[in-house]
Amino acid sequence: MSRFTLRIATVSGIPIYLHWSFWLLIAWVVLSGLFSEHASIDFILWRLLLMGGLVVSVILHELGHAFAAKAFGIPTRDITMYPFGGVASVARIPDKPLQELIVALAGPLVNILLIGVLSIATWLLGQPVEWSAETFMYHGRGMPPLHVWLLSLSFMNGILALFNLLPAFPMDGGRVLRALLATKLPYVKATQIAAIVGQAFAVLFILVGIYGNPFLILIGFFVFVAAAQERQHAEERTAMKGLTVADALLKEVPVLTVNQTLGDAIRLLLDSQARSFLIVDPWGAPAGSLSREQIIAALHQGHSRETSLTQVMDTDLLIVPPTMPLHEAFQYLNERHKPFLVVMDKGQLMGIIDAENIAEYLLIQQAERRVG
Ligand SMILES: [Zn+2]
């Protein structure tokens with residue numbers, strides 16, 4: 001993460017970050033305030049206050065998702081605020097439709113609760129709870145009173161709830177759509193339909209955004225790409241259904257020992273098809289791994305061919321049992337950016353498993369199914 005990405009809070013163990021690009025949004029709010037016809041310090045402060053309230057509302061929305069996921073035993077790694085909205089990195093999407101429905105609805109529900117809280121606060125200040133265009137479009141002539149801010153914020157929370165509930169998969173409303181479809185259709189079919197609807201909305205966002213809303217264009221691109229990714233994940237998962245790590249195991253492991261050198265690794269890299277190696281100790285137990293990229297990086301760092309492998313290997317091995325569901329292993333591999341997983345059964349090395357081997361195995365399975 002960039003050093004301009006700022007950790008602003010930690011709530012129940014979940015770090016909340018402002019992505020570096022968020023500073024562009026703040027700059028945009030200030031600059032467009034300066035160059036507007038209402039330009040004044042008060043006007044810019046007012047806009048920043050509105051933005052601050054909106055950011056807190058979006059964070060609370062994301063925490064709504066995070067807490068709902070937690071209720072189903074799913075942790076959230078972090079919440080990051082981008083100029084186009086917040087993203088809660090929930091470790092996985094629940095595959096039970098009802099759970100996905102609840103997690104998806106929990107975000108907009110927070111915004112609806114906030115409308116209630118802000119309205120009650122306005123009422124407690126002795127002000128009428130009514131939304132008018134003048135309230136929201138307040139420009140300058142000194143700072144507006146507190147209740148104008150409260151009303152504007154509750155109005156924005158209404159927009160947030162409605163916008164997120166559009167069936168633009170994988171936005172919240174799209175997840176609701178997928179969950180509802182998945183109660184009647186196979187998971188992968190439900191995802192394919194939701195992804196097509198989501199991408200149609202994405203195109204619509206971009207087209208509408210061209211008429212003066214750059215954030216809508218950003219959201220459109222984000223939704224378009226994310227819908228395709230979700231669809232691919234669902235398809236991969238379905239293809240791997242019922243399979244375990246043992247099925248796609250690579251038993252002929254390219255092995256080096258801790259006594260060997262970087263030169264030995266380079267020779268083996270050039271002489272064989274292997275792109276990454278398992279490094280074992282003198283007793284044959286896994287000690288580390290070394291990928292082609294790590295070999296190149298080690299040379300760039302000035303290591304010579306005589307360097308011992310123990311100095312350059314990655315000792316953080318991911319060890320899994322052969323009984324692990326294949327889709328979980330695949331996801332684990334992708335999340336941790338490792339060349340392979342080490343498969344061990346009761347302390348015994350069984351082999352390794354990498355993304356290419358999984359892909360090959362699935363291709364062969366598909367081809368056989370088509371023939372058979
Ligand atoms: Zn949401």
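Biologist: Where does Gln199 sit?
Modeller: Gln199 is in helix α7, which covers residues 187-210. Helices here are DSSP runs of H or I with at least four residues, strands are E runs of at least two, and both are numbered from the N terminus. Keep in mind that this is a predicted model, where local features need pLDDT of at least 70 and side-chain atom pairs count only at pLDDT 80 or more, while totals for chains, interfaces and linings use all residues. Residues are numbered from 1 along each chain as its sequence is written, and side-chain values use heavy atoms, with hydrogens and water left out.

Biologist: Okay, is Gln199 buried or exposed?
Modeller: Gln199 counts as buried, at 18% relative accessibility. Buried means under 20% relative accessible area, exposed means over 50%, and partly exposed is in between (1.4 Å probe, protein chains only).

Biologist: And what does the side chain of Gln199 reach?
Modeller: The backbone oxygen of Phe224, at 3.0 Å. That is a polar contact: a pair of N or O atoms within 3.5 Å where, within protein, one must be able to donate a hydrogen and the other to accept it, and residues adjacent in sequence count only if both atoms are side-chain atoms. Leaving aside neighbours within four places in sequence, Gln199 is in contact (heavy atoms within 4.5 Å) with Phe224, Ala227 and Ala228.

Biologist: Switching to charges, how many salt bridges are there?
Modeller: The count comes to 11. The rule asks for a side-chain nitrogen of Lys or Arg within 4 Å of a carboxyl oxygen of Asp or Glu. In one of them, Arg175 meets Glu230 at 2.7 Å, N to O. Arg175 lies in helix α6 (residues 172-182) and Glu230 in helix α8, so this pair ties together parts 55 residues apart in sequence.

Biologist: Which other partner does Glu230 have?
Modeller: Arg178, with the closest N and O atoms 3.9 Å apart. Arg178 is in helix α6 too, so that pair ties together parts 52 residues apart in sequence. Glu230 is buried at 17% relative accessible area, and Arg178 is buried at 1%. Glu100, Arg175, Arg178 and Glu230 are linked in a network of salt bridges.

Biologist: What about Glu356, which residue does it pair with?
Modeller: Glu356 forms a salt bridge with Arg275, with 3.0 Å between the closest N and O atoms. Glu356 is in helix α13 (residues 355-371) and Arg275 in the loop between α9 and β6, 81 residues apart. Glu356 is partly exposed at 41%, as is Arg275 at 34%.

Biologist: Ser272 is in that loop as well. What does its side chain reach?
Modeller: The side chain of Ser272 reaches the backbone oxygen of Leu268 at 2.7 Å and the backbone nitrogen of Ala274 at 3.2 Å.

Biologist: Last topic: which domains does the assignment give?
Modeller: Domain 1 (6-239) and domain 2 (245-371), with bounds from an automatic or database domain assignment. Their centres, taken over C-alpha atoms, are 40 Å apart.

Biologist: How many residues are in contact between them?
Modeller: Six residues of domain 1 are in contact with five of domain 2. The area buried between them is about 460 Å², with carbon and sulfur atoms giving 53%; buried area is the accessible area (1.4 Å probe) that two parts lose on being put together, summed over both. Glu236, Arg237 and Ala239 supply 74% of what domain 1 buries against domain 2.
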